[in-house]
Structure formats: C-alpha cells, structure tokens
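Hello,

Here is the structure we talked about. My notes follow below it.

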There are 4 protein chains.
Amino acid sequence: MLFFVNDYGEGAHEAVLAHLAETNREHLTGYGSDPYTAAAKEKILAAAECPEGDVYFLAGGTQTNETVISAYLRSYEGVVACETGHIAVHEAGAIEHSGHKVLTLPGRDGKLDAADLEAYLAAYYADGNHAAMVFPGMVYISYPTEYGTLYGKDELTALRRVCDAYHLPLYIDGARLGYGLMSPAADVTLPDIARLADVFYIGGTKVGALCGEALVFPHGAPDHFFTHIKQHGALFAKGRLCGVQFDALFTDGLYFHISRHAIHMAMKLKQLFAERGYEFFIDSPTNQQFVVLTKEEMDEIGKHAQFEIWEPTKDGRYAVRFATSWATEEADIEALAAILPEHK
Amino acid sequence: MLFFVNDYGEGAHEAVLAHLAETNREHLTGYGSDPYTAAAKEKILAAAECPEGDVYFLAGGTQTNETVISAYLRSYEGVVACETGHIAVHEAGAIEHSGHKVLTLPGRDGKLDAADLEAYLAAYYADGNHAAMVFPGMVYISYPTEYGTLYGKDELTALRRVCDAYHLPLYIDGARLGYGLMSPAADVTLPDIARLADVFYIGGTKVGALCGEALVFPHGAPDHFFTHIKQHGALFAKGRLCGVQFDALFTDGLYFHISRHAIHMAMKLKQLFAERGYEFFIDSPTNQQFVVLTKEEMDEIGKHAQFEIWEPTKDGRYAVRFATSWATEEADIEALAAILPEHK
Amino acid sequence: MLFFVNDYGEGAHEAVLAHLAETNREHLTGYGSDPYTAAAKEKILAAAECPEGDVYFLAGGTQTNETVISAYLRSYEGVVACETGHIAVHEAGAIEHSGHKVLTLPGRDGKLDAADLEAYLAAYYADGNHAAMVFPGMVYISYPTEYGTLYGKDELTALRRVCDAYHLPLYIDGARLGYGLMSPAADVTLPDIARLADVFYIGGTKVGALCGEALVFPHGAPDHFFTHIKQHGALFAKGRLCGVQFDALFTDGLYFHISRHAIHMAMKLKQLFAERGYEFFIDSPTNQQFVVLTKEEMDEIGKHAQFEIWEPTKDGRYAVRFATSWATEEADIEALAAILPEHK
Amino acid sequence: MLFFVNDYGEGAHEAVLAHLAETNREHLTGYGSDPYTAAAKEKILAAAECPEGDVYFLAGGTQTNETVISAYLRSYEGVVACETGHIAVHEAGAIEHSGHKVLTLPGRDGKLDAADLEAYLAAYYADGNHAAMVFPGMVYISYPTEYGTLYGKDELTALRRVCDAYHLPLYIDGARLGYGLMSPAADVTLPDIARLADVFYIGGTKVGALCGEALVFPHGAPDHFFTHIKQHGALFAKGRLCGVQFDALFTDGLYFHISRHAIHMAMKLKQLFAERGYEFFIDSPTNQQFVVLTKEEMDEIGKHAQFEIWEPTKDGRYAVRFATSWATEEADIEALAAILPEHK
C-alpha cells in the first residue's frame with residue numbers, strides 16, 4: 001500500500017538515527033545542557049544568520065505554539081491568526097486552555113493578508129469599547145500554511161510592517177519550514193525568516209526527526225523562557241534527544257537537502273495528477289497537494305494508496321491530501337502513476 | 001442633557017432602594033444565607049414556574065457568564081455562540097481566561113440560527129479530525145440579543161431540539177430579559193424560558209437594581225456551584241445586597257412592570273425616529289433602538305442628548321444606539337421630540 | 001439574638017445609603033466614568049497622600065485579590081503568602097484558577113515574617129533547580145491579618161526592604177483596613193500603607209459599604225488594568241455604585257470615624273471576656289476577637305448571641321470569633337455582658 | 001569522569017534503539033494508531049493484569065502529571081500531594097497553570113501517610129467554611145518517591161481505603177516505577193499497582209527509553225482523554241516513537257530486567273558508602289541514594305565523579321544524590337570504589 005497520508009509516517013532520517021546510536025552511551029547532563037544541544041543551537045543560528053539569537057528545543061508543535069504564545073502575551077491579550085491557522089482549529093483549544101483568545105481573520109488561500117490585519121487593528125483601536133475586548137498581542141502565521149501555500153517576501157514584509165506599526169511580535173509556525181523554503185516558489189531564505197519574525201520554529205517532526213521542534217528567537221527569548229517550557233510540560237529531561245537529532249539535521253545542510261527531495265517528489269506527484277486531468281483544491285507549491293476527487297475516485301485510488309480526506313467540497317466531492325516527505329521515494333511516485341486512473 | 005446612552009445610567013428603582021433601607025440594620029448572615037435571599041429565590045422560581053429549580057445571585061453579567069459556562073464545560077469543551085454574542089466580543093476574553101474557546105457561528109440579526117447550529121455540529125462530528133478540535137459543550141444565546149432582537153418561540157424551540165439531539169445544555173443570557181419578555185413582539189414568557197433553557201439569568205443591573213443578576217437553573221445547578229461562584233470571585237459576602245433587591249423586584253411583579261414601561265418608552269422613541277424619517281440599523285422590538293445617523297445629525301442631536309455610537313456603517317454613516325430603561329420618563333421622549341430634526 | 005458573627009452582617013452606613021438615594025436618579029455614564037467615582041478617587045488619594053496614584057473600585061475581596069495578583073504576575077510566577085492568608089485558604093482556589101501558585105510560608109500570629117521571607121527567597125535562588133520551580137513574583141499580606149493581628153511599622157518596613165532587595169511588589173489586602181488603622185495598637189497610618197505597599201485595597205464591604213473595595217496603586221497601576229478588571233468579571237457596569245459609596249465614606253473622614261467606633265466596641269468586648277476569665281486564642285488588637293470556649297460555654301452563650309466557630313483547639317475546646325463592626329452598638333456589648341457567664 | 005548525576009544521562013537501551021531502527025522506514029499512521037503502539041499497550045496491560053484497561057503514551061513526566069490531573073479534576077477541585085511531591089515542587093507550577101491547587105500535606109520520608117490524609121479530609125469536611133476552600137479531588141503519590149523511598153503494600157492499601165471512603169481517585173506517578181518494583185524492599189508487583197491505583201504511569205524516560213511515559217488506566221480512561229492529551233500538547237504526531245520503544249521494553253520483560261540491574265548497582269553503591277563510613281540522608285532501597293557529604297568530601301569525590309547536590313543539611317553539610325540506572329555498569333561502581341575516600 002502506497003503512503004501519502006502525511007509527512008510524519010516514517011521514523012527518522014538514517015543520519016539522525018545513526019547520530020542517536022553513536023552517542024547513545026555517552027553520559028550527558030539533562031534539560032538541554034549537553035554539548036550536542038549546544039552544537040545544534042550554534043549550527044541553527046549560523047544557518048539563520050542570527051548568531052546572537054536563542055534556540056530552544058521542544059517536544060512537538062502544539063506545545064511549541066502554546067508555550068511561545070503564552071510567554072509573549074499578557075493575560076488581557078490574544079493572538080491574531082488566520083481562521084484556518086493550526087492554532088485556531090486543530091490544537092484542541094490549547095491556546096484557550098492557557099487563557100488566551102485566538103482572534104481570527106478570514107484567510108486568503110490559507111494566508112493572513114497584511115491589509116486585512118491592518119484594517120482589523122485600525123478598527124479595533126478606533127472602537128470606543130476596545131478596552132472591553134481582547135487586545136491583539138501577537139500575530140501568528142504558518143510557513144508554509146496548513147494548505148501548503150507560501151507567503152511571498154513582499155507579503156511577509158507587509159505583515160512585518162503592520163506588526164511594527166502596532167508593536168506586535170510576529171510568530172511563524174514552521175512545522176514544515178524546510179518544505180516551504182525548498183519550494184521553487186519560495187522567494188525567502190532561512191535568514192529572511194529570521195529577519196522578518198520575532199520568533200519562529202523549525203519543524204523537526206515532519207522533516208527527518210523522530211520528534212522535536214527548534215524554536216528560534218533571532219533577537220533573544222523572553223525572560224525565563226526555560227521555566228515557561230517546563231511549566232508547559234514541553235521540556236525533555238533527556239534534552240539530548242532533540243540536541244543530537246538537530247545536530248545531525250543541521251550538519252552539512254541535511255535539513256535542506258531532505259526537504260528539497262520531498263519537494264521534488266511533490267512536484268512530480270502534482271504533475272502526475274495534473275496530467276491525468278484532476279482538479280486541485282488549492283494550488284500548492286509545497287509537499288502537501290490537495291486534489292479534488294469524487295467518491296468513486298477515492299475508492300479506486302484507495303485500493304492502492306493511503307491519503308487523507310481533508311474536507312468535503314461544496315459540489316459533493318472531496319478535497320484530499322497527498323503528502324510527500326523526506327522519506328518519499330521515486331518508486332512511490334512511479335507506483336502511484338501506475339495505478340492512478342484518468343479523471344473523466 | 002437627555003440621556004439615552006444605555007440602560008444602566010441611573011441607580012435603582014425606588015422600591016428597591018426602599019427595601020434596602022428598611023432592612024439595613026437587620027443582622028443577617030452572609031453569602032446568601034439570609035431570609036431575603038431565600039424569599040427572592042422562591043419568588044423567582046414561582047414566577048418562572050420551576051419550583052424545583054435553583055437560583056444563585058451573582059454580582060454582574062460577565063462573571064455570571066464566565067462562572068456558569070466554566071461550571072458546565074469540561075476542559076476540552078468550548079461554548080457555541082453567535083459571532084456578535086457578548087461573550088464572544090465584549091467580555092475581554094473572560095471565557096478564554098477560564099480556559100475555554102468561544103466557538104462562533106455567523107449570526108442573523110444578532111441571533112444564532114438553529115439550522116446553522118445543526119449544520120456546524122453535524123460537520124464537526126463528521127470530521128475525522130474532530131478529536132483534535134474543541135468539542136462543542138454548551139450553547140449560549142442572549143434574549144434579547146446584543147442588537148435588541150428577539151428569538152421567536154419557534155426559533156427557541158428549534159435550538160432546544162438541536163441541543164437535545166447533541167446533548168448540549170442551552171444557556172440564555174438575560175441581561176435584559178425583562179425588556180425582551182415585555183416587548184409586544186415577544187411570544188414567550190418567563191416560564192417558557194425556564195422550560196426551554198437549562199440555565200438562564202434574569203438581569204438586575206439593567207432592570208431596576210443597583211447590581212446583581214439572578215441565575216436560574218430550572219432543573220438544578222451543577223454540583224458545588226456555590227464554590228464555583230466563590231472561585232470566580234462572583235460571590236457577595238453581603239449576600240443580602242442581591243437578595244433584598246430581587247425580593248423587591250419580584251414582589252407584585254415589579255420587575256415586569258418596570259420592564260414594560262421601558263418598552264413603552266422605547267416604542268415611542270422608535271416611532272418618533274420613524275416619523276422623522278430616520279433609517280434603522282436593525283429592526284428592534286426592545287429597549288435598544290439602533291438608528292443610522294450622519295455625522296452632522298450626530299453632532300446636532302448630540303447637543304441635547306447623549307447616546308452611544310455603535311459602529312460605522314459601510315456607507316460612512318453611524319449606527320447609533322438610543323436605549324430606554326425603567327428610569328426613562330415620558331418627559332424624556334417629549335424633550336427628544338422637541339429637538340429631533342427631520343432626516344433629509 | 002445578639003450578633004457578633006462577622007463584620008458584614010448589616011447593610012451600609014446610613015450616610016452611604018443616603019448618598020445612594022440622593023444621587024439615584026442622576027444620569028451617569030458607566031464603568032466608573034462618573035463624577036462621584038472621580039471624587040471618591042481623589043478623596044482616597046488625598047487621604048493616602050499619594051495624589052499621583054490610581055484607584056479602581058472592584059466588587060469584592062476575592063476578585064480584587066485575584067485580579068491584582070494576576071495582573072502583576074507573569075505566567076511562571078506565584079505569589080508568596082502566609083499559610084493562613086485568605087488567598088491561601090478561603091478563596092476556593094481563585095488564584096490557582098487564574099494560573100498561579102500561592103507559595104506559602106509559615107505564619108507567626110497570622111503574619112508573614114520578613115526574616116522567614118528573606119530566608120525563603122535566598123534558599124530559592126541558591127537552589128540549582130530553581131528554574132524548574134515557581135518563581136516568587138509578588139508578596140501578599142493582609143492588614144489586619146485573618147487573625148486580627150497587626151504588623152508594626154518596623155515589621156512592614158522590614159518586609160518592604162526584602163521586597164526591594166528581590167524586586168517584588170508588595171500587596172496589602174485591606175479588607176478590614178480601617179479596623180487595623182484605627183486600633184490603638186497601630187503605629188502606621190494610611191499614608192504609611194501607601195508608602196510601603198505597591199498596591200493595597202481599602203475594604204468597603206466590611207467597613208460601612210453595601211459592597212465594593214477601593215484598590216489603590218500609589219505609584220500607578222499596571223498597563224490596561226481596566227481590561228484586567230473586565231476580564232475577571234470584577235467590573236460594575238453601574239460604576240456609580242462603588243463611586244457614590246466611597247465618596248460618602250471618604251467625606252469628612254467617615255471611613256475612619258466608623259472604624260474607630262468598631263474598635264472601641266471590640267476593646268470593650270475584649271475587656272469583658274478578660275474580666276470574666278476567658279482565655280484568648282490569639283491576642284487581637286482589632287475588631288475580630290478570638291476566644292477559647294468549651295462546648296458547654298458555646299451552647300450557653302449561643303442561646304443569646306451568634307458568633308462563629310473558627311477552629312477546634314488541640315485540647316478539645318473551640319476558638320470562637322466575636323466580631324464587631326461599624327454597626328455594633330454599645331447596647332450590644334451591654335447585652336452581652338448581661339448574659340456572659342464567668343469562665344470557671 | 002564517573003556519572004551518577006541522574007538516571008537519564010544516557011540514550012536508550014540498545015534493544016529499544018534497535019527496534020526503532022528496524023521499524024524506521026515502515027509507513028505508519030500517526031497519533032498512536034499504529035500496530036506497535038497497539039502491541040505495546042497490549043503487553044503493558046498483560047503485564048499489569050488489567051486487560052480491560054486503557055494505555056496512552058505521553059512525551060514526558062510533567063505533562064503526564066498535568067494532563068491526567070487536569071482530566072480528573074473539576075474546576076473547584078485540587079490534588080492532594082505530599083509537600084515533597086514532584087508536582088508540588090519541581091514542575092514550575094504546571095498544575096496551577098492548568099487551574100488547580102496542589103493541596104500539600106507533610107511527608108514522612110517523602111511519603112504521604114494514610115492517617116495524615118484521613119485526618120486532613122475529615123477536618124476539611126468538618127469545617128463549616130469548606131465550600132469556600134478548594135475541594136480535594138484526587139490523591140497523588142509517587143512510587144518510588146522523590147527520595148527513593150517505597151510505600152509498603154500495607155501503606156498503599158491504607159491510602160486506597162481512605163480514597164475509597166472519600167471517593168477520590170488515586171494516582172501513582174511512576175517515573176521510576178521499575179526501580180521501585182525491582183527493589184528487594186518492594187512488596188508490591190505491577191498488578192498490585194494496577195489494582196490499587198485508578199491511574200498510574202510507567203516511566204520510560206528514566207528506564208531505558210529515549211523519552212515517553214505509559215499512562216495506564218486499569219479501569220478505563222476519562223472521556224475524550226485523547227483530546228485532553230492533544231490540548232495539553234502532550235501528543236506525539238509520530239506516535240510510533242513511544243509505541244515502538246515500549247513495545248521493546250515490554251517484550252520478554254526487558255523493562256523489569258534492566259530495572260533490576262539498576263537496583264543491583266544501587267545496592268552495591270549503597271554498601272560501598274556504608275562500608276566507607278558515610279551517613280545517609282535517608283535510607284533508600286531504590287536507585288537514588290542520598291549521602292551526606294562535607295564540602296571537602298564533595299570536592300574530593302567531585303574530581304572523579306559527577307553527582308547532584310540535593311539540599312544543604314542543617315549542620316552545614318550537603319545531601320548529595322548518587323543515582324544508578326539501567327546504563328550503570330559494574331565497572332562504574334568499581335571505579336567509584338577505587339577513588340572513594342574513607343569518611344572520617
């Protein structure tokens with residue numbers, strides 16, 4: 001059975017596993033105080049060209065989002081996000097559980113528009129009752145978005161400008177950051193991300209690691225961020241687990257190399273569906289491809305390949321996600337080509 | 001200067017004040033254990049025709065909403081509300097501060113539509129990922145709504161049916177309940193409200209009291225609700241303050257009598273604006289009237305009367321609220337008539 | 001039946017009621033924007049000799065404590081309190097509900113000792129693992145304490161010095177502030193309190209008002225404190241309710257005058273118990289007197305007077321509280337003298 | 001340099017690593033829906049002799065504690081723990097952050113005493129004001145305790161009886177469960193733990209895994225526990241990471257085998273210190289040994305071995321922890337013996 005369900009369906013890249021194995025019996029102190037964690041941080045800051053920044057490793061994406069948002073916000077503040085943002089929909093209320101409202105704005109292809117953001121902020125401050133409303137205290141976007149789309153450098157710069165005007169930190173959820181940066185459609189680099197965001201994370205879980213996300217503060221972290229992580233249960237006692245993995249991922253550009261491969265596979269897959277006459281739910285330049293299928297097509301393809309049903313479309317068909325990852329092989333795409341029927 | 005800014009611009013109805021004064025030096029135990037509180041509860045339950053129910057008095061509306069919603073919800077649940085609902089907009093994130101998401105649906109004239117609610121719930125449970133989303137755990141509506149509109153008995157019954165189908169408690173925010181029930185457009189009574197809701201509150205702050213809301217559980221309160229109130233800081237040590245006031249308000253139907261008067265004044269005011277050619281932002285049958293004014297009209301009327309700017313309209317004018325209350329007098333309406341220019 | 005149960009067993013001082021009545025029909029804007037609230041604030045700041053400070057009125061003590069503590073603390077911080085402090089015991093977990101730990105230290109006669117505080121803070125920062133523990137972020141004391149005892153100026157100054165050394169704001173819960181300041185044992189004044197604390201409240205509920213507490217920030221409030229109050233449900237829409245009451249209480253020193261009367265009554269009551277041979281649970285110089293009674297004495301006195309059982313003593317007797325208030329009359333003490341048996 | 005700092009200083013047992021490697025490229029669905037997770041659950045339930053129970057895997061100890069406690073408690077409830085309990089001291093306020101108070105009782109050698117618990121509960125319910133206090137809603141203990149001590153079966157049974165009498169769930173934090181059960185001093189087995197607790201966890205992080213804890217509900221989990229985990233950020237997308245590791249740990253009794261080895265090492269280490277004349281801070285039968293050292297002894301031993309300073313003793317010396325683990329080797333103990341000076 002072919003596997004295109006998601007980008008976390010396999011273990012870790014072999015180089016990551018090997019680094020875990022070769023360091024396995026070294027005695028290392030805990031909570032991120034080991035040399036591999038230090039090396040991983042240094043390599044990440046070098047790659048992001050922000051050597052004065054801070055890096056922390058957390059266990060997973062939801063808790064990374066919740067911990068960092070909660071660390072930045074005062075209790076009367078909320079976080080602004082696109083209505084399809086992960087924190088607004090698929091984190092089981094983690095942000096609200098930590099006491100903060102997710103202030104949602106309509107999205108455009110999964111993206112938060114700078115003009116929409118500015119209009120919202122202007123209206124908020126113009127409202128005579130705004131002191132009885134939740135203050136916007138941070139802006140959250142994801143790169144790539146939950147629909148696989150990418151912000152252009154112009155769009156990110158415009159968001160940054162609005163954030164500056166309203167003194168709002170900009171946070172970029174990079175659960176799939178590598179798959180965004182390595183897309184042929186991307187016009188930003190990791191240093192650009194570090195320059196435009198106040199904080200962002202480099203996803204490991206979906207890009208070659210067993211688990212773990214690298215949270216980067218290009219200009220330094222909020223006070224006592226270590227304790228924030230501990231309080232939110234996001235701290236590994238065995239900090240080496242993330243340190244060693246990210247040390248491997250950021251040695252010799254492995255993170256970018258395997259991301260580029262996943263995108264290469266995704267573009268082949270996209271071309272395949274296009275050639276066979278399928279319609280796309282959204283035009284994605286990254287590793288998540290959303291195809292519109294009829295029930296019959298789902299059943300037929302489903303005999304040979306696993307994928308994820310995303311949402312019903314208004315015309316009674318289904319938007320279906322086919323994801324590639326660092327682990328997808330050429331042979332997988334070829335096998336899909338062999339079984340994919342023409343769309344009629 | 002005429003006053004139509006809101007319905008909490010004066011103190012208390014004189015009968016309420018008098019009852020406070022005449023009982024002032026009686027020695028009474030605290031936290032609602034006094035006989036006036038007991039009498040008030042009994043009178044309210046009698047008026048609502050649910051003698052087996054429970055009543056609690058809380059200091060104000062926001063904390064009543066927050067306390068009751070938090071008492072019903074489990075930590076993974078949120079409360080469903082219309083996007084213009086008070087809890088969604090004007091409570092400074094009190095619900096989120098207690099850990100729960102407000103799950104908003106589009107409103108129709110400020111009302112939550114039963115079909116919209118059902119469609120949302122059906123889609124939620126049909127979504128294969130719904131366990132990663134916030135569970136809908138309660139439904140919140142206000143009667144009258146924040147825009148002064150009223151649900152018909154058919155609409156409330158339809159909401160009740162959906163709530164039953166999905167095992168969701170229905171909560172009615174009655175900050176202005178009297179002004180709804182006494183409207184000529186209302187086709188429900190207090191006993192109807194008690195029959196249709198699992199919990200609702202009878203607003204005192206806006207209807208004749210200095211402060212205080214009567215929270216009614218027709219079928220009984222959640223366990224340890226007293227402690228919930230205490231934990232949320234909503235408990236008066238001097239419980240008599242609410243007890244005595246509501247004892248006065250529910251003696252000889254005072255609450256309904258003064259509510260009816262406010263509606264009578266509102267209908268005169270509405271007719272006045274209509275006769276002078278003004279357009280209404282929304283057609284309200286209750287004590288809040290929303291009129292559309294130009295900037296020039298606002299300035300002109302503002303020389304003689306106070307009102308509240310609600311929101312800008314899309315054509316560059318303003319939706320403005322004129323509120324009546326139990327304290328509005330015929331003379332106020334006549335004075336307004338004397339200064340209100342014709343709309344051109 | 002004589003009433004010594006608590007100090008909130010009656011309504012409001014007659015001058016307070018009269019001021020409510022005489023201003024009742026004035027049209028005033030809400031949420032504390034009225035002139036009576038402004039006047040009350042000015043009078044309080046004048047009495048406290050901190051004209052540059054801020055004052056906010058909140059509905060009750062628990063929510064005042066929770067709102068102010070939550071406004072000062074960052075999410076990784078807790079509040080240090082004596083183990084018998086109100087926030088640690090009798091607020092149903094309100095502080096924890098807002099996300100913060102109450103860090104308790106043993107008390108001495110209900111008081112937090114500066115040396116104990118300093119030893120705790122020194123040990124905390126010396127602990128290599130302290131980043132995995134809750135940071136001390138504020139110090140809470142009550143004046144008078146829950147046991148009626150008072151801090152001397154030297155004790156408060158010592159606490160202040162420790163707070164300064166560790167950059168901790170000092171918060172004084174003054175639910176019964178008047179009854180402390182007017183005690184013959186007090187060696188501090190309201191301006192002293194304002195000089196020593198970063199924030200404190202002047203209790204109204206227990207000292208002549210129907211409800212309400214005046215929260216004073218001698219050096220200014222945290223940003224957006226209004227929104228904090230709203231979010232915590234502690235904001236009266238009808239802000240005049242507190243404004244008018246405190247305007248009366250701080251006109252011509254009424255607050256101090258009625259507090260002094262309560263203390264005068266308490267000292268007579270204390271002397272009475274002493275003369276009849278009773279033992280005191282604690283030596284209190286304020287309006288709460290804690291007497292040790294046998295079961296038989298409780299039953300006998302209980303035929304004529306109401307009081308509150310505080311806690312069992314280790315020898316099988318009971319610590320019982322007799323409270324006086326602004327409403328206690330000479331005749332009440334005389335009547336108690338008439339029925340109080342000699343202790344054998 | 002010898003390493004006795006903690007029991008999480010190495011990676012994973014080689015069999016665990018090997019199982020990760022051999023399954024690495026298998027395509028598995030996420031969030032714990034894979035067959036290795038299913039197999040691990042089945043093996044754990046078989047070992048605990050509670051085949052009808054539920055098992056969930058979470059990333060680490062603090063979040064396991066916080067998630068499970070928060071799932072059981074209603075908002076007005078707190079969790080009872082020994083004052084030295086991990087949740088009371090070393091989790092940075094995670095429990096309070098989720099809204100709940102940790103109700104602490106004095107410990108006896110790190111243990112919660114059933115009689116102390118019963119006395120506390122009886123006094124709580126006897127207190128006329130208990131509705132204004134936090135309700136005890138769960139009991140937390142750790143096995144072994146934070147001081148390495150063990151409850152006897154009689155002690156656990158007594159706690160269970162008190163919990164039954166007061167309808168309180170009993171939760172056992174088993175971060176080092178294996179090191180407790182395999183101690184020669186232990187008189188309970190894993191099935192005993194499953195019979196006595198309502199919920200407990202089997203620690204992986206400290207016993208052979210890279211990360212992960214297995215949370216066991218012998219009688220079934222609370223409703224929607226999956227969503228609780230997600231909301232608390234404790235859910236691995238790549239659920240296989242825990243599933244595969246615990247599958248290895250519970251195959252052929254590996255978990256118990258490696259735990260027994262660690263205890264064997266600990267007993268040798270304990271005997272060594274005893275023979276050399278050192279005093280113990282507490283008599284521990286498990287893998288954590290607490291020895292009292294002078295400053296000079298710390299310095300001398302510290303030249304050759306790493307350990308952790310636990311706390312200063314009252315006489316100016318230091319309680320120091322030497323921990324063994326599954327990864328400690330005979331050679332480590334022999335090397336320690338070679339450098340350990342006689343205590344004078």
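**Where chains D and A meet**

Across the interface of chain D and chain A there are 4 salt bridges (a side-chain nitrogen of Lys or Arg within 4 Å of a carboxyl oxygen of Asp or Glu). One pairs D:R25 with A:E329, with the closest N and O atoms 3.8 Å apart.

Before you read on: this is a predicted model, in which local features need pLDDT of at least 70, side-chain atom pairs count only at pLDDT 80 or more, and totals for chains, interfaces and linings use all residues. Residues are numbered from 1 along each chain as its sequence is written, chains are lettered from A and ligands numbered from 1 in the order in which they are written, and side-chain values use heavy atoms, with hydrogens and water left out.

**Extent of the interface**

51 residues of chain D are in contact with 51 residues of chain A (contact means heavy atoms within 4.5 Å). The buried area between chain D and chain A is about 4,300 Å² (accessible area, 1.4 Å probe, that two parts lose on being put together, summed over both). Carbon and sulfur atoms give 53% of that area.

**Symmetry**

Chain D superposes on chain A by a rotation of 180° with 0.0 Å of shift along its axis, RMSD 0.0 Å (least squares on the C-alpha atoms of residues with pLDDT of at least 70 in both). The two copies are thus related as by a two-fold rotation axis. The copies meet through the same surface, because 100% of the interface residues of chain D are also interface residues in chain A.

Best wishes
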